[in-house]
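This briefing walks through one protein structure, topic by topic, for a reader who is new to looking at such models. Please keep the sequence and the 3D view at hand while reading the points that follow.

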Amino acid sequence: MTSSRAARGFARAALALLLVVVLAAVAFLVWAHMVMPGDRDRALEVWRNDDVVVTSTDQSIVLSPKSGGITTGLVFIPGAKVDPYSYMFTLSGVVVERGITVVITKPALNLAFFDLHSFDDYAADAPGIDRWFVGGHSLGGVRACQLAGEGDSADSNLVGLVLFGSYCANDLSNTDLNVLSLAASNDGLSSANKISDAAGLLPRDARFIELEGANHASFGDYGVQPGDGEAEIDSDAARRLITNALSAIVD
């Protein structure tokens, strides 16, 4: 009898634990899919731009110059729980003005750290590119640093790293990567101090630029983000600053 009661008690405890795990998993999935939505009108501007060819795949959004452009590309990873389409308008500037091809990733569960795709998986969405940069916004930038540090960059033609309001957690200081780090003066999440504190993980010749009047959300078009500072420039002005900075590093 005692053994039978113990078994039933163990079974009830195991069932309760399983229920907790299932509920936690469901809650996480619901949370992960509650993304900060992109500005539809800004995205439509890019779709309607005759100078940009937009291709949507299961794993990415590819922005290519209509005229053919140059053989340089950027794989860009969104910030955590930010709609990938939020970055179309921001990054289309360098597509139009410099002929760069941009591949915006669609991370699994909207979180780059859960995405098992490799850099080469995304690069394959834009064949014909022989010189690549990888970059990202916020936590997407942290993931971009990891991808930049994996494998032999000579094999994948990966030559550079671009960070938007972000910084590395892994050491790239001994690499020959061409690095650009963009900070926003009014960023309430990735402050200039945080970026400066992690600067030692980047190559000595990394370039650091602060976008005056921009905030953390200025790197995309997805509205107000909790904990962020207040932007003093609009989306068009932020895009111009970002396009100019990217143009300098990809030339």
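The side chains of Asn215 and Ser218 are joined by a polar contact of 2.8 Å, in a model that is predicted.

**Asn215 and its surroundings**

- Asn215 is found in the loop between β8 and α8, and with a relative accessible area of 8% it is buried, because buried means a value under 20%.
- If residues up to four places away in sequence are not counted, Asn215 touches Ala184, Asn186, Asp187, Asp228, Gly229, Glu230 and Ala231.
- One of these residues, Asp228, also meets Asn215 through a polar contact between the two side chains, at 3.2 Å.

- Asp228 has its place in the loop between β8, which covers residues 207-211, and α8, which covers residues 235-250.
- Along the sequence Asp228 and Asn215 are 13 residues apart, while in space their C-alpha atoms are 6.8 Å apart.
- Is Asp228 buried or exposed? Its relative accessible area is 17%, and Asp228 is therefore counted as buried, the cut-off being under 20%.
- The side chain of Asp228 also has a polar atom that lies 3.0 Å from the backbone nitrogen of Ala217.
- Leaving aside neighbours within four places in sequence, Asp228 is in contact with Asn186, Asp187, Gly188, Leu189, Asn215, His216 and Ala217.

**The disulfide**

- In general terms, a disulfide is a covalent bond between the sulfur atoms of two cysteines.
- The count for this protein comes to 1 disulfide, and it joins Cys145 to Cys168 with an S to S distance of 2.0 Å.
- This pair links distant parts of the chain, 23 residues apart, since Cys145 belongs to helix α5 (residues 139-148) and Cys168 to the loop between β6 (158-164) and β7 (178-184).
- The link of Cys145 and Cys168 is left-handed, with -75° about the S-S bond.
- Cys145 is buried, with a relative accessible area of 0%, and Cys168 counts as buried as well, at 4% relative accessibility.

**Salt bridges**

- How many salt bridges does the count come to? It comes to 3 salt bridges, and they are described one by one in the points below.
- Glu45 and Arg42 meet through their side chains in a salt bridge of 2.7 Å, N to O, and both residues lie in helix α2 (residues 40-47), where they are 3 residues apart, about one turn of the helix.
- Within this pair, Glu45 is partly exposed, with a relative accessible area of 39%, whereas Arg42 counts as buried at 15% relative accessibility.
- The side chain of Arg42 also meets that of Asp236 in a salt bridge of 2.8 Å, N to O. Because Asp236 lies in helix α8 and Arg42 in helix α2, this pair ties together parts that are 194 residues apart in sequence.
- Asp236 itself is partly exposed, with a relative accessible area of 30%.
- Arg143 forms a salt bridge with Glu150, and the closest N and O atoms of this pair are 3.7 Å apart. Arg143 counts as buried at 13% relative accessibility, while Glu150, at 45%, counts as partly exposed.
- Salt bridges that share partners join Arg42, Glu45 and Asp236 into one network.

**A nonpolar patch on the surface**

- Phe113, Phe114 and Leu139 form a nonpolar patch on the surface, and together these residues have about 290 Å² of accessible area.
- Phe113 lies in the loop between β4 (101-105) and α4 (119-123), and with a relative accessible area of 43% it is partly exposed.

**The protein as a whole**

- The secondary structure comes to 8 helices and 8 strands, and buried residues make up 47% of the 251 residues in the protein.
- Of the contacts with a separation of 6 or more, 75% are accounted for by residues 24 or more positions apart.
- The accessible surface of the protein comes to about 12,200 Å², and 56% of this surface belongs to carbon and sulfur atoms.

Definitions and conventions. Residues are numbered from 1 along each chain as its sequence is written. This is a predicted model: local features need pLDDT of at least 70, side-chain atom pairs count only at pLDDT 80 or more; totals for chains, interfaces and linings use all residues. Side-chain values use heavy atoms; hydrogens and water are left out. Helices (H or I, at least four residues) and strands (E, at least two) are DSSP runs, numbered from the N terminus. Buried means under 20% relative accessible area, exposed over 50%, partly exposed in between (1.4 Å probe, protein chains only). Contact means heavy atoms within 4.5 Å. A polar contact is a pair of N or O atoms within 3.5 Å; within protein, one must be able to donate a hydrogen and the other to accept it, and residues adjacent in sequence count only if both atoms are side-chain atoms. A disulfide is a pair of cysteine sulfur atoms within 2.5 Å. Patches are made of residues with over 30% relative accessible area and no salt bridge: like charges are joined within 9 Å, nonpolar side chains (Val, Leu, Ile, Met, Phe, Trp, Tyr) within 5 Å. Accessible areas come from the Shrake-Rupley method with a 1.4 Å probe; for residues, only the protein chains shown count as cover. A salt bridge is a side-chain nitrogen of Lys or Arg within 4 Å of a carboxyl oxygen of Asp or Glu.
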